[in-house]
2 protein chains.
Amino acid sequence: MVKTMNEIIYENRNLYKQWLIDFCSIPSVAAQNRGMEESRVFLQHLFDTYINEKVEFIETSGYPVVYSHIEADSPYTISFYNHYDVQPEDPIELWHSPPFEATERDGKIYARGIADNKGNLIARLAAVHAMKQQNPNLPINVKFIFEGEEEIGSINLAEFAENHADKIQSDGNVWEFGYRDVDGRLQVSLGVKGMLYVELSAEGANTDLHSANATIIESPAWRLLFALTSLKDQNDRILIPGFYDDVIDPTSEEIESLNRYLFDEEANKEQLGIARFVNDLTGLSLKKKHLFEPTCNICGINSGYTGEGSKTVLPNHAFAKLDFRLVPGQDPNRILKQLREHLDNQGFHDIKIKEMSGAYAARTHPNEAIVEAVIETVTASEEMAPNIVPNTPGTGPMYDLCQRYGIPSVSFGVGHYASNNHAPNENIREQDFYKHIEQVADLIVRFEQKLASKGVE
Amino acid sequence: MVKTMNEIIYENRNLYKQWLIDFCSIPSVAAQNRGMEESRVFLQHLFDTYINEKVEFIETSGYPVVYSHIEADSPYTISFYNHYDVQPEDPIELWHSPPFEATERDGKIYARGIADNKGNLIARLAAVHAMKQQNPNLPINVKFIFEGEEEIGSINLAEFAENHADKIQSDGNVWEFGYRDVDGRLQVSLGVKGMLYVELSAEGANTDLHSANATIIESPAWRLLFALTSLKDQNDRILIPGFYDDVIDPTSEEIESLNRYLFDEEANKEQLGIARFVNDLTGLSLKKKHLFEPTCNICGINSGYTGEGSKTVLPNHAFAKLDFRLVPGQDPNRILKQLREHLDNQGFHDIKIKEMSGAYAARTHPNEAIVEAVIETVTASEEMAPNIVPNTPGTGPMYDLCQRYGIPSVSFGVGHYASNNHAPNENIREQDFYKHIEQVADLIVRFEQKLASKGVE
């Protein structure tokens, strides 16, 4: 008797979990050039030993793209975009277990990068592994594109895509991330925001000084603070002239979709320990600001003495790391130029701007075949209907890898509302990992059938 | 033939230098509770082995005060106030030699605390040691008061003085610090500023979050920045209502004294690598702001990710360390209350204030005997006339230890304009150290003669 797909996945669950645990033990922090080659070697090992398919390591100006095209006797192709780099683990003292030792507690597995993005990457490889146990020939071409620089702004991915347009081409893409909401519904997300990441800095005297000199020697910390607080008002309205000029307002269809999208305000507030959302927003206004509006966020700021107790010093250097999340229409290069002009016009010629990364926003239409196939898969396998997110507040290089080449992209995955991405105690639920393996295997079958029935050529 | 005082000091110069080097090898950072007991033991060793006088370690709620009363057959007393704690050494990477290994280069000795305040402390002990080699009986009672908490705001010194009013009593006090100006003139300083040191902090969600959430989750970093920039304007005018109300304006005599005080603007700018002073001030306005006006300075600020590269995070905590230098009339407790009221009135109820320390300003009149004696000593032993600083921009517990008890206090010492107090590569010139030993020995003689000639009782 032939085993079902889910039976095969169940029999291999310990193997797939071990892949995940091993992968999470590698501190692949691209920002700090740690564990990157080790990750490449690990992925080669998975392809060579288990998937039994050829894998390429395509050079870029930074870390290589891990690429595999598993050929099928089909005119159709599905592609998966994931990344093997992770965020830095600090503040390390807030982790309850070592960030690079996957640790199981209460049905969850904790490790840096397990939700973002190693859990999804491994689950998708596992789905293909399981399918090949049933039938060595997949129903559709499958392409894996794993980059190593997502957490540092995918700085070389656009060039990679330009140079390898044939390799990235597909009929539909499954994007890297995916989460369950606070009520347990699996979210299916369409589109991502863009990004401009900059570091602003100010310099003072040629050395730190005794703070008695603050009477007459300019303080770079104060200069930076005045420059920063000129960027937005206390109601979160960004004050850089022209910042909102190119924003494409959401269509009425998108607003309807936003109305259907479920966001449990009370559960979210309780989960995060907060009393209110920004500007006391609720309902549609809250969802609209979250999914369709840009941000100007301080990721980090530092100057002077920040250790124990007190030190009376006039620091000679101050810097802040800012990310602007952008929406369709906004060009990160233009925003960078507007930022410089604004600072100059406000008299902050002395504030230096270092561009760290930029990305355009992207948005996927809900009637694309890949979206419909994902929704069918999720509807068939979950107790609750999928929660469709008409745009995600996060960022990724979806424009550079997909939208620019006419490839629709959709997101779903192993994470949940409290996965703590980019934060201490990142985690996934173990069950969600196995469920995503099953759903990806099912999606690959459904997507082929949908394209064939639609007569796509 | 009887040796002169300076000959005795010259013969003992290597001994005194060794005391200094050994003392500087102890990382007595009170803020971090390092090396404090070791310092106490070292000072006991100097008193027992070399000075041959009894020393007391007077308990406080914090680190003990090191106290010695060297009795003389005289109705008069001179006291010396110094401290055996030092500032933290960070940023350590900017030091050219280890901060706690005194290192000689180009006639200077580099070490954390060597200018502030171990060089002065050792030079003054050395002066008494040398005098006793010539005559075991000093011409005047000498009291040493060395506290261990000056760099953390002298938090227990006021209580110590109240409890030991008899021990601190003297006819004149020599304060802990002293510097040569950029042209090499020895500064004689009268008075110090007060201080209010606070830490402001803001809290967000119960964990750091992915920065995509900055759309709807309040940022403690932005909250703190808006609160801070409400405290003063870009022209350095402090905006806390009532802040300037109690300021006692300098007298016309003090302004005249300020006119005589020499401040080499070009040399200072060149030394610090700056193009201008705050508000482009020059001349009397510059000197007045430096010596007679209060400040609001950021000693340190921190939030979120401040490591290499980029991390897209919405931090859940932000804090800043601020020091306000206060002038006569200003009460640190009242300023603290005004700060809280101001933040509340601006809607910043959520910003927490932690008081770290407070101190009143103090000012000494130039016609006090101790001031005249110091000026005569310096005039007799230096090529250039002393540069009299009518008030120092720095802070110290001069009010709590002296002014409150009617004891006039004056400052001069081993430092110079580029001693880098509270900053990397703190240093003194070796020659200045020996010169201060000679001058203190001379001052002790002159002060007794001056009091006797004035018929002080």
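1. Helices (H or I, at least four residues) and strands (E, at least two) are DSSP runs, numbered from the N terminus. By that convention, His83(B) is found in strand β3 (residues 77-83) of chain B.

2. The model is predicted, so local features need pLDDT of at least 70 and side-chain atom pairs count only at pLDDT 80 or more, whereas totals for chains, interfaces and linings use all residues. Residues are numbered from 1 along each chain as its sequence is written, and chains are lettered from A and ligands numbered from 1 in the order in which they are written.

3. His83(B) counts as buried because it has 29 C-beta neighbours inside 10 Å; a residue is buried if 20 or more other C-beta atoms lie within 10 Å of its own, exposed if 12 or fewer, and partly exposed in between, with C-beta atoms placed from the backbone. Two residues are in contact if their C-beta atoms, placed from the backbone, lie within 7 Å. When neighbours within four places in sequence are left aside, the contacts of His83(B) are Asn117(B), Phe146(B), Glu147(B), Gly148(B), Glu150(B) and Glu176(B). Val66(B) is 17 residues from His83(B) in sequence, and the C-alpha to C-alpha separation in space is 8.9 Å.

4. Between the chains, 72 residues of chain B are in contact with 72 residues of chain A. On the chain B side, the elements that give two or more residues are β11 (209-210), α7 (220-229), α10 (283-292), β12 (297-304), β13 (313-314), β14 (317-326) and β15 (352-359) of chain B. The most is given by β12(B), with eight residues. By class, this side of chain B has 32 nonpolar, 30 polar and 10 charged residues; here Ala, Val, Leu, Ile, Met, Phe, Trp, Tyr, Cys and Pro count as nonpolar, Asp, Glu, Lys and Arg as charged, and the others, Gly among them, as polar.

5. Strand pairing also links the two chains. Two strands pair if DSSP finds at least two bridges between them. Strand β12 (residues 297-304) of chain A and β12(B) are antiparallel partners over five bridges. Within this pairing, Ser303(A) has Ile301(B) as its bridge partner in β12(B).

6. A nonpolar core is a set of buried Ala, Val, Leu, Ile, Met, Phe, Trp, Tyr and Cys residues joined through C-beta atoms within 7 Å. The largest such core holds 254 residues, of which Ile437(A), Ile444(A), Ile437(B) and Ile444(B) touch the most other members. Apart from neighbours within four places in sequence, Ile437(B) is in contact with Ile9(B), Tyr16(B), Ala123(B), Ala126(B), Ala127(B) and Ala130(B).

7. In chain B, an open sheet of three strands has the order β4-β5-β19, with antiparallel pairing. Strands β4 (103-105) and β19 (427-429) of chain B stand at the edges with a single partner strand each, so one side of each is left without a neighbour in the sheet. From one strand to the next, the twist averages 25°. Axes are lines fitted to C-alpha atoms, for helices over the stretch in contact, and angles run from 0 to 180 degrees between N-to-C directions. Three bridges join β4(B) to the antiparallel strand β5 (residues 108-110) of chain B, and the bridge partner of Arg105(B) in β5(B) is Lys108(B).

8. Helix α4 (residues 114-134) of chain B lies across β5 and β19 of chain B and runs at about 45° to β19(B). Helix α14 (residues 430-454) of chain B packs on the sheet, where it touches β5 and β19 of chain B, and its direction makes about 70° with that of β19(B).

9. Strand β9 (residues 187-190) of chain B is covered on both faces: Gln187(B) and Ser189(B) on one side, and Val188(B) and Leu190(B) on the other, are all buried. With strand β16 (residues 387-389) of chain B, β9(B) pairs in the parallel sense over three bridges; Gln187(B) has Asn387(B) as its bridge partner in β16(B). Two bridges join β9(B) to the antiparallel strand β17 (residues 409-411) of chain B, in which Ser411(B) is the bridge partner of Ser189(B).

10. Domain bounds come from an automatic or database domain assignment. For chain A, the assignment gives domain 1 (5-192 + 362-454) and domain 2 (194-247 + 294-359). Taken over C-alpha atoms, the centres of these domains of chain A are separated by 34 Å. Nine residues of domain 1 of chain A are in contact with eight residues of domain 2 of chain A.
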